[in-house]
Amino acid sequence: MVGLNLNVGAFFLELILLVTGLFFFLVDRFISRKSYAFWICLLLCIFSGFIILFIPFGEFTKAFRNDFYSATLKFLLIFGFFFVVILAKEYLVTFRALEYGEFYGLLIFSLFGSFIMLSSQDFLTLFLGLELTSIPIYFLIATNFLYQRRSIEGAIKYFIVGALGSLFFILALGIFYYLSGSLYFDIILTKVAQGDRREEFLAGIVFLLVGFSIKLSLVPFHMWAPDAYEASPVPVTAYLAGFIKFAVLSALIKVLIIAFSPIKDDVGQLLLWVALLSILVGSVLAIIQENLIRLLAYSSIAHMGYALLGLVSGEYVGYGFSIFYGFVYLFMTLGLFSVIIYLYRYNRNILEISNLAGLAKELPLFSFMALIFLFSLAGIPPTAGFMAKFYVFVVLIKGGFLISAVLGLLFSVIGAYPYLRILKVIYMDRPSVSFNRGAFSFLTYLALYISAFLVILLGIYPQPAIEFIQRTLYLYLTFQFLHF
Amino acid sequence: MSSLPLLSLILWFPLVGILSILFTPRNRENLIKTIALVTAIVDFLFSLCLLLNFDFQNSGFQFVEKSEWLSIINSSYYLGVDGVSILFIPLSTLVTVLCVLISWDSITEKVKEFYLALLFTNIAMIGVFVSLDLLLFYIFWEALLIPMYLIIGIWGGPRRIYSTIKFFLYTFFGSIFMLVAIIYIFLQYGTFEYTALLGKNYPTHIERFLFLAFLIAFAVKVPMWPVHTWLPDAHTEAPTAGSVILAGILIKLGGYGMIRFLLPLFPNATLYFANLILILSVIAIIYAGLACLWQSDLKRLIAYSSVSHMGFITLGIFSLNPIGLKGAILQMINHGIVTGALFMCVGVIYDRTHSRAISHYGGLATTFPFYAGLFMIFTLASIGLPGTNGFVGEFLILQGVFLRDKLFSALGATGVIIGACYMLWLYQRVFFEKPSPNVFNLPPLKWNELIALLPMVILVFLIGLYPSLLLDFMKGSVFMILNHFMNIGGS
C-alpha cells in the first residue's frame, strides 16, 4: 500500500514479545540447558514492564492503538505474567519432561495475543488477539499428556468449546458488519449512537457476549473449565484461571466502552442474569468438589460472576471496579497456586482435598498463606477479596439493583463454604500422610510474599489502586470521546 | 495526654505482639506465651488510661481521631468512644489477658497460631467498639470471624468443625444484610460517618427495612431467640479461651450494635418494632432458661443461660428508657464478667477431668473446696443475688421495662426465678451430693488460673456494691441516645 505510515514505536512492545517467542521456537533445539528460557522470560517481563512506561501512545495501524487503557492494563498483565513465569519455572524443575523453551514461548505468544486484544481498534484484531491468547494454551494443556492421560480430554474439550466461542464471536462480527458496514469500533459506535437499530445491535451483542462468556467460563458456558483446569499443568491452570480471565475481562470492558457505550445499560441488563447464575452455580458446585483444582475452577466461575456485576449498572465507575476485581482475583489465584505448586511438586496426590489434612502442622507458613488467600477468595475483610466485592456491590446497589445485590451477597455466603472446608482440612483435620518437603526457590517465595502482601494491602488500603484504575479509565474516556 | 492517639494505640498495639510472635521460632512456646501476655497486659493498661482520661461531663464522642482512608467513597478512619462504648474496651483487653492466662497450659498444639489468633481477635473486638465509620465498623465486625473460626475449629472439642462452620456461616449470613443496608445508607447520604448520619430521616418503609437489615446482623450475634442455635454449639465446642471471648465480648457486639446503630439511626422503626423485640426477648429468657434445665453438659447449660441473659439485655435496650438502657449496658459488662468466669471455671475442671458431663461430677465441694467457693460466687452473681453485679443489672433492666410495660417486666422476672433454678440445681449436682469417683485427687488451682479468676471475683463485688462506678460513665451518653431518639421519634 502506498503511503503506509507505520508507527513502529506503538507496536514496539508486541514486537519484542513476538521476537522472543519466535526465538524460543527457533533456538530451543540447540540449547541443552533449558533453564535459559526462564531467565530470558523473566528479563523480558522486567524489561517490558519498564519500557511500557516509555512506549508512545498512538496508532500502529488503524486497527492497533496503544492508549491509556491498554498501556495500564498491559502493565498489570505483565505484573501478573511475571508471577506466572516464576510459577512455571518452579513447576518445571520437577516436571522436567515439559521443560522446553517452547513452554515459555507458548506462554509469551499467549501474552502477545492478550496485548493485541487490548490494543485492538476493530473487531477482527480483537478476534485474532482473543484466539492467539487461547490457542497456545490448548497446546500447553495437551503437553501435560506426559504426566496425565486425561489432559488430552481437557485440551480437546477446551479447544472445541473455544472454537464454538469463536464461532459465536464471528457471527456477532457478521451482524455488526451488516449493521454498520465496518468492523472498526469507532464506526460501530457512531452507528450505535444513532440509535435506530438498537435491537439488532443488541442481538449481535448477545452473540458477542456468548463468545466472551466461553472464554470467561460464565454460566451456561462454564462446563469446560473444571476439565481443562484439571488437565493443565498447574502453572498453566493458574494462567488460565487468573491471567486469561483478567485479560479477557479487560478486553470486554474495552469493547463495551468504545463500541457500545450508548447502549451499555442494556448490555448490563443482559449480563445481570449471567453474572448471578455464575455466582450461584460456581458457589454451589464448588461445595461438592473433592479435587482442589476443580474446586478452584468452580470458584473462578463464581468470581467472574462477581466481576461482571460491576458492569451491570452500566456506569464507568463500575467498569473500573470490575477491573479492580479482576486484578485482585488475579493475585489471589496466583498466590494460592504458588502454594499449590509447592505442595504438588513433592506430593502428587495433594490435589485431592482430603489429602491436605494436617498440613498446618507440617508446613505452617504455607498453610498460613493459603489461609490469607482463601479468606480473600471468600471475601472476608480485611483482605482484598472483600474490598473488591464491596466496591462492585456499591455500584450495583447504586444502579438500583438492590434485590440482585442481596442475592449476590447471599450467594457469597454459600460461596464461603468451600473455602472454609479447605481451611478445615488444612487446619483442623488430623494428618493422614506426612508431607515431603523440598526446596523452594527464592523467586517463588518472592511471588508468594508479594501476592500475600498485595492481598492484605489492597484489603486495608485499596485507595491508591482504585484511584489509579479509575483515573486511567477517566483519562481514557476523556481522550476517546474528545471529538464527541 | 490528649495529643496522643490513645484509641489507635489501644487498637493497634496488639499488632506489635503479633509481629513479634510471627518472628519467634515456633518451638519457643514459653517466649510466645510471654509475648502474648505482655502485649495483652500493656494493652489493658492503655485501656485503663482511657478510663482515667474520660470526661464525665461530655456526653458526645471523646478521643476522636479522624483521618483520610478511602476518600473515593468518602469513608474515613474515624474513631471515638462515648459512655456506651468506653466500658467495653477495658473489658475486651481484660478478657484477652485472661484468655492468655487461662490457655497457658491447656493449649498445647499450634501454640503460635493460637496466640496470633487471640491477639487478632483483640484488635477486631476493640475495632468494633471504637469505629464511628460504618464501613470500618463492618470490616472489624467481619474480620472477627476469621480468628474465631480458627479458635473454635482448631482448638475446640470433638464436634468443633460442625460448630465452627455453623458459627461462621450464621454470622456471615446475618452480616450480609447489614452490608447491604450500610451501602444503601451511603448511597443516600454519601457518607459512612456515624455522627453525620444521626438525625437523618428515611421514608417509613425504607427505615423499617434498614432497621431489619441491621437487626438480623445484631440478632444473630446477640443471639436472639429464633437465631440462637449457633451459640450453644459454638460455646460448647470452643476451647475455654474461645468460650470466654464468645461470652465476654463477641455476643456483646450485637447488643452494642443495637444501642449504637438501631436506636439512634432508625428511631421511628425502633418504636415500631420495639414490642416485637420485647416479645422475642421474653421468649428467649423463658425458653432458654427452661432449656437450661434439661442440659446434661456443663458448657451447654451455661451457653443456654447466656441466651437467657442476653434476652434480658435486649429487653433492657428496647425498654427505651434511660434506666433500662443503663441496666442493659451494665448487664452486658456483668454478663461478660460472670459468664466469662463461669466458662473459665468449667475450663479449670475440664482440664483436669476431660469431661463436661454434669453426671460425671458430684461432691466437688468436699474434694476441691476453694474452687467450689469461687464457683459459688459466680453462680450467685449469675442468678443476680443482691450484692453481686448481676443483681444491679437485672434490677435496672426490670425496673426500666416496668416503666414501659408491666407485663414484660413480670414475664422477664420469671426468668430470674428460672435462672435460680437451673444454676442452683447445677451447683447442687456438681458440688454437693455424693462425691463421684472422678473428682478425687484433682491437682490444685494453678497460678495462671488463680490470677485469671481473682479479678473476676473482685469485679463481681465491686460492681455489685458500687455500681455507680460504671453507671457514671454511661449517664450522659445514654441520655444522648434516648434524647435524640425522643426528639425525632417522639410522636
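1. A:Phe207 lies in helix α8 of chain A, which covers residues 198-216. The model discussed in this note is predicted. With 19 other C-beta atoms within 10 Å, A:Phe207 is classed as partly exposed, because a residue needs 20 or more such atoms to count as buried.

2. Leaving aside neighbours within four places in sequence, A:Phe207 is in contact with A:Phe168, A:Leu171, A:Ala172 and A:Ile175. The pair A:Phe207 and A:Ile175 shows how sequence and space may be compared: 32 residues separate the two in sequence, while their C-alpha atoms are 9.1 Å apart.

3. The packing of α8(A) may be examined next. Two packed helices are described by the angle between their axes and the distance between the axes. For α8(A) and helix α6 of chain A (residues 151-180), the angle is about 160 degrees and the axes are 8 Å apart. The two helices are therefore roughly antiparallel, since angles over 145 degrees are counted in that way. The crossing of α6(A) and α8(A) is left-handed.

4. Which residues make the contact between α6(A) and α8(A)? From α6(A), the contributors include A:Val161, A:Gly165, A:Phe168, A:Leu171, A:Ala172, A:Ile175 and A:Leu179. From α8(A), they include A:Glu200, A:Ala203, A:Gly204, A:Phe207, A:Leu208, A:Gly211 and A:Lys215. By class, the contact of α6(A) with α8(A) holds 15 nonpolar, five polar and two charged residues.

5. Helix α8(A) also packs with helix α11 of chain A (residues 264-287), at an angle of about 40 degrees and with the axes 11 Å apart. Are α8(A) and α11(A) parallel, perpendicular or oblique to each other? They are oblique, because an angle must be under 35 degrees to count as roughly parallel and from 65 to 115 to count as roughly perpendicular. The crossing of α8(A) with α11(A) is right-handed.

6. In this second contact, A:Leu202, A:Ile205, A:Val206, A:Leu209 and A:Ser213 of α8(A) meet A:Asp266, A:Val267, A:Leu270 and A:Val274 of α11(A). Seven of the residues in the contact of α8(A) with α11(A) are nonpolar, one is polar and one is charged.

7. The whole of chain A may now be considered. Chain A contains 19 helices and two strands. Its radius of gyration is 21 Å, close to the 23 Å that the globule rule gives for 484 residues, so chain A is as compact as a globular protein of that length. The C-alpha atoms of chain A fill a box of roughly 65 × 60 × 40 Å along the principal axes. Of the 484 residues, 60% count as buried. Among contacts in chain A with a separation of 6 or more, 79% are between residues 24 or more positions apart.

8. Chain B has 20 helices and two strands. For its 491 residues the globule rule gives 23 Å, and the radius of gyration of 21 Å is close to this, so chain B is as compact as a globular protein of that length. In chain B, 60% of the residues count as buried, and its C-alpha atoms fill a box of roughly 65 × 55 × 40 Å.

9. The contact between the chains takes 25 residues from chain A and 27 residues from chain B. On the side of chain A that touches chain B, α15 (364-378), α16 (384-398), α17 (402-428) and α19 (463-480) each supply at least two residues. Helix α17(A) gives the most, with 11 residues. This side of chain A divides into 21 nonpolar, one polar and three charged residues.

Definitions and conventions:
Residues numbered from 1 in each chain as written. Chains lettered and ligands numbered in written order. Predicted model: local features only at pLDDT ≥ 70, side-chain atom pairs only at ≥ 80, totals over all residues. Contact = placed C-beta atoms within 7 Å. Helix = DSSP H or I, 4+ residues; strand = E, 2+ residues; numbered from the N terminus. Nonpolar A, V, L, I, M, F, W, Y, C, P; charged D, E, K, R; others polar. Buried ≥ 20, exposed ≤ 12 C-beta atoms within 10 Å, placed from the backbone. Axes fitted to C-alpha atoms, helices over the stretch in contact; angles between N-to-C directions. Left-handed = near helix turned anticlockwise from the far one by under 90°. Rg over C-alpha atoms; globule rule 2.2 N^0.38 Å.
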